[in-house]
Amino acid sequence: MTGLARKSFVLPGALALLALMHLPVAADISLPPESDAAARGLAIVEEMDRRDSGWGDAKADMRMILTNAAGDTSERELHLMMLEVTEANEGDWSLMTFDKPRDIQGTALLTHAHVGKPDDQWLYLPAVKRVKRISSSNKAGPFVGSEFAFEDLAAQEVGKYTYSWLKDEPCGALTCHVVERVPAYEGSGYTKQIVWIDTTDYLMRKTDYYDRKGALLKTLAFDGYAMYLGRIWRPGELEMVNHENGKKTRLVWKEYEFGTGLTENDFSTASLERAR
């Protein structure tokens, strides 16, 4: 695949500081009027996407904490690699690999996100030493027993949804734009999602997921944001609560590394078997 524009943020000492001092400051946003809910919703999400561009590639470690309806917990450790893709109608790539416990060690999920067509996803199962392609009809299924579906783990590219602004309202100590987005891709398990995006830094704060019957199924909360590279925000914790079965899954992130030199070769199907 060609056209992958990547930037390295590994800059030596004073040069790195100088570069961060000259990063552009976000200007006040002039949004379409409330009377044009579709245009206003799209503009809000485009601004969020614009502020989260230019990070190139990244790595991170995290813990996955599963809690059942009775409150019992189990933990997993995994690492994630990400590659920013700027080619038109394509989305970012990611490779998520489990390190612990032993019974799931080496299980890996590779995702190539797209716009206008289904994402490509492959799951490597070390017990059978086989790479399994995830079909569009299975993307709504749970990922390795968690409350995250396969489609939840793909990049949420702007063009994958249609939008409508609903309202602005308080969200904790902040004010949030509340936007409805409807999946425009094949095989989604959701009829719609309601997202809360703060009006200060344009960060996602919460997402409600509605199932195929139109009922509220899950809520994803974002917490513990930290800034990297002087302008890129990443959450420290995600918590997905399933309102139907009473279970929840938390993802607790360790510090991200950016500009690690990853290329598209690190995100091929052949890379799945060596992801450990």
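Author: First, a term: a salt bridge is a side-chain nitrogen of Lys or Arg within 4 Å of a carboxyl oxygen of Asp or Glu. This is a predicted model, where local features need pLDDT of at least 70, side-chain atom pairs count only at pLDDT 80 or more, and totals for chains, interfaces and linings use all residues. Residues are numbered from 1 along each chain as its sequence is written, and side-chain values use heavy atoms, leaving out hydrogens and water.
Reader: OK, how many salt bridges does a search of the whole structure find?
Author: The search turns up 13 salt bridges. In one of them, the side chains of Asp152 and Lys218 meet at 2.8 Å, N to O.
Reader: Are Asp152 and Lys218 buried or exposed?
Author: Both Asp152 and Lys218 are buried (buried is under 20% relative accessible area, exposed over 50%, partly exposed in between, with a 1.4 Å probe and protein chains only).
Reader: Which residues share partners in one network?
Author: Glu47, Arg50 and Arg51 are joined that way by salt bridges.
Reader: New topic: which residues form a disulfide?
Author: Cys171 and Cys176 do, with sulfur atoms 2.0 Å apart; the cut-off for a disulfide is a pair of cysteine sulfur atoms within 2.5 Å. The whole structure has one disulfide.
Reader: And why is it right-handed?
Author: Because the torsion about the S-S bond of Cys171 and Cys176 is about 80 degrees.
Reader: Is Cys176 buried or exposed?
Author: Cys176 has 0% relative accessibility, so it counts as buried. Cys171 is also buried, at 18%.
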